[in-house]
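Work through the exercises below with the structure open. Each task is followed by a solution in steps.

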Amino acid sequence: MRVVSTAHQHQLGRFKRPSGMTHATLRNPHNRLKDRCGMRILSLAAFRSVHRQFETMLRDFSTTARGRKAFDADTLQRMERRKGMSLFAVNVRSRIQLAWAADREFAKLVSRRRDEEFYFVTLSPKEFAIPIEMAPSFDHKSLRMWAKEQLRGLNYVGMIEAAYYSNYNPIPGRRSAMVSWHVHAIVWGCSARRITAVVERVNAVCEPLIPCRAAAHARGMAGDTAAKRIFYMLKIAINNYRVYAKKGDVVDQLTGEVTVGNTGEMVTRKSRLRPGQAVKMAVVMGNRTLPVLMFSAGEGAVVWIRARALTRSKIRHADEIFRRKIDSLF
């Protein structure tokens, strides 16, 4: 029987098996997320469900022999529920509380601009993708400044994200996993022509991470639909992306012979991060906090400021109630 030290249990907190969970699921925590891979995180309920399962997966993994080697003390501490007030990017409690607050604040904005078009913008140039061993030291401020320059003069809320590519590294001589630092933003109060200009300008000067794709793209949508994208923007890194060359019929231009080969296109497939991969991404995030990954302008600045303030207020209140309950026991 494996024995977990008292100090280690104190760090992680007690884990109670959810009802209906099988022993097979406990042996392989990754199984709990497999069935959820297709879930689109576009609601608070989905956000909470996926993130709590993700947190449980990592807690279980941290008590295994392999997990104890993978985790470092600093990463474990940042993930603790009691560290929620610090708003570390790796802290699930902080993420869930921020998603709740951001949803409330953005809904207020949508109610005032119900008849307007919103735009979900993604900017992911190749220049901000680096091998995973270099990702912890990535200067996220440079990406934030670059993104703010592209969106200058617009109303928006934005978020910096890191995507894990396990089998794709376009840098010659590199075979390690790749982390693509990129941004998502919700923009409003402008014309479709203005957004098209932003996208075309970025695509004209920036190379995409994956060939035959675009470094920037945008989609117009109603305010209620845009509000759901808040949850997508604020999610923790939970996916593993794999890139493959697309196979198909290839015609020889000289002989006309048709064979099966690479078409020149690339296909991206997604699955949930395995525990070891998730730990690597937690190390990549390091001591970054959610506020330093958030950026905004115009009316969006008020939305993000209020969301952060409400998040801290709710966590502080919950912590105070917990302390009072503990004090009442003695």
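This is a predicted model: local features need pLDDT of at least 70, side-chain atom pairs count only at pLDDT 80 or more; totals for chains, interfaces and linings use all residues.

**Exercise 1. The whole chain**

Task: State how many helices and strands the protein chain has, and what share of its residues is buried.

Solution: 
- Step 1. The protein chain contains 13 helices and eight strands.
- Step 2. Of its 330 residues, 50% are buried.
- Step 3. Take the contacts between residues at least 6 apart in sequence: 75% of them join residues at least 24 apart.

**Exercise 2. Helices α4 and α7**

Task: Decide whether α4 is roughly parallel or antiparallel to α7, and list the residues that make the contact.

Solution: 
- Step 1. Helix α4 covers residues 44-62 and helix α7 residues 92-112; the two pack at an angle of about 175°, with axes 10 Å apart.
- Step 2. Angles over 145 degrees count as roughly antiparallel, so α4 is roughly antiparallel to α7.
- Step 3. On the α4 side, the contact uses Leu 44, Phe 47, Arg 48, His 51, Arg 52 and Glu 55. On the α7 side, Val 92, Arg 95, Ile 96, Ala 99 and Trp 100 take part.
- Step 4. Sorted by type, the residues of this contact of α4 with α7 are six nonpolar, one polar and four charged.

**Exercise 3. Helices α4 and α11**

Task: Describe how α4 and α11 are oriented to each other, and sort the residues of their contact by type.

Solution: 
- Step 1. The axes of α4 and helix α11 (residues 275-285) cross at roughly 100° and come within 10 Å.
- Step 2. The range for roughly perpendicular is 65 to 115 degrees, and α4 and α11 are therefore roughly perpendicular to each other.
- Step 3. Phe 54, Met 57, Leu 58 and Phe 61 of α4 meet Pro 275, Gly 276, Ala 278 and Val 279 of α11.
- Step 4. The contact of α4 with α11 has seven nonpolar residues, one polar and no charged.

**Exercise 4. The nonpolar cores**

Task: Find which residues have the most contacts inside the largest nonpolar core.

Solution: 
- Step 1. The largest nonpolar core has 86 residues, and Phe 106, Trp 181, Ile 186 and Trp 304 have the most contacts inside it.
- Step 2. Helix α7 gives the largest share of this core, ten residues.
- Step 3. Another core, of nine residues, lies apart from it and includes Ala 163, Tyr 168, Leu 209 and Val 243.
- Step 4. Beyond four places in sequence, the contacts of Trp 181 include Phe 128, Ile 160, Glu 161, Met 285 and Arg 288.

**Exercise 5. Trp 188**

Task: Say whether Trp 188 is buried or exposed, and which side chain makes a polar contact with its side chain.

Solution: 
- Step 1. Trp 188 is part of strand β4 (residues 178-188).
- Step 2. Its relative accessibility is 0%, so Trp 188 counts as buried.
- Step 3. The side chains of Trp 188 and Glu 299 make a polar contact (2.9 Å).
- Step 4. Not counting residues up to four places away in sequence, Trp 188 also touches others, among them Phe 106, Leu 109, Tyr 156 and Gly 300.

**Exercise 6. Lys 235**

Task: Locate Lys 235 and say whether Lys 235 is buried or exposed.

Solution: 
- Step 1. Lys 235 sits in the loop between α10 (223-234) and β6 (239-251).
- Step 2. With a relative accessible area of 7%, Lys 235 is buried.
- Step 3. A polar atom of the Lys 235 side chain lies 3.3 Å from the backbone oxygen of Tyr 232.
- Step 4. Leaving aside neighbours within four places in sequence, Lys 235 is in contact with Ile 41, Phe 47, His 51, Arg 95 and Glu 161.

Technical notes:
Residues are numbered from 1 along each chain as its sequence is written. Side-chain values use heavy atoms; hydrogens and water are left out. Axes are lines fitted to C-alpha atoms, for helices over the stretch in contact, and angles run from 0 to 180 degrees between N-to-C directions. Helices (H or I, at least four residues) and strands (E, at least two) are DSSP runs, numbered from the N terminus. Angles under 35 degrees count as roughly parallel, over 145 as roughly antiparallel, 65 to 115 as roughly perpendicular and the rest as oblique. Contact means heavy atoms within 4.5 Å. Ala, Val, Leu, Ile, Met, Phe, Trp, Tyr, Cys and Pro count as nonpolar, Asp, Glu, Lys and Arg as charged, and the others, Gly among them, as polar. Buried means under 20% relative accessible area, exposed over 50%, partly exposed in between (1.4 Å probe, protein chains only). A polar contact is a pair of N or O atoms within 3.5 Å; within protein, one must be able to donate a hydrogen and the other to accept it, and residues adjacent in sequence count only if both atoms are side-chain atoms. A nonpolar core is a set of buried Ala, Val, Leu, Ile, Met, Phe, Trp, Tyr and Cys residues joined through side-chain atoms within 4.5 Å.
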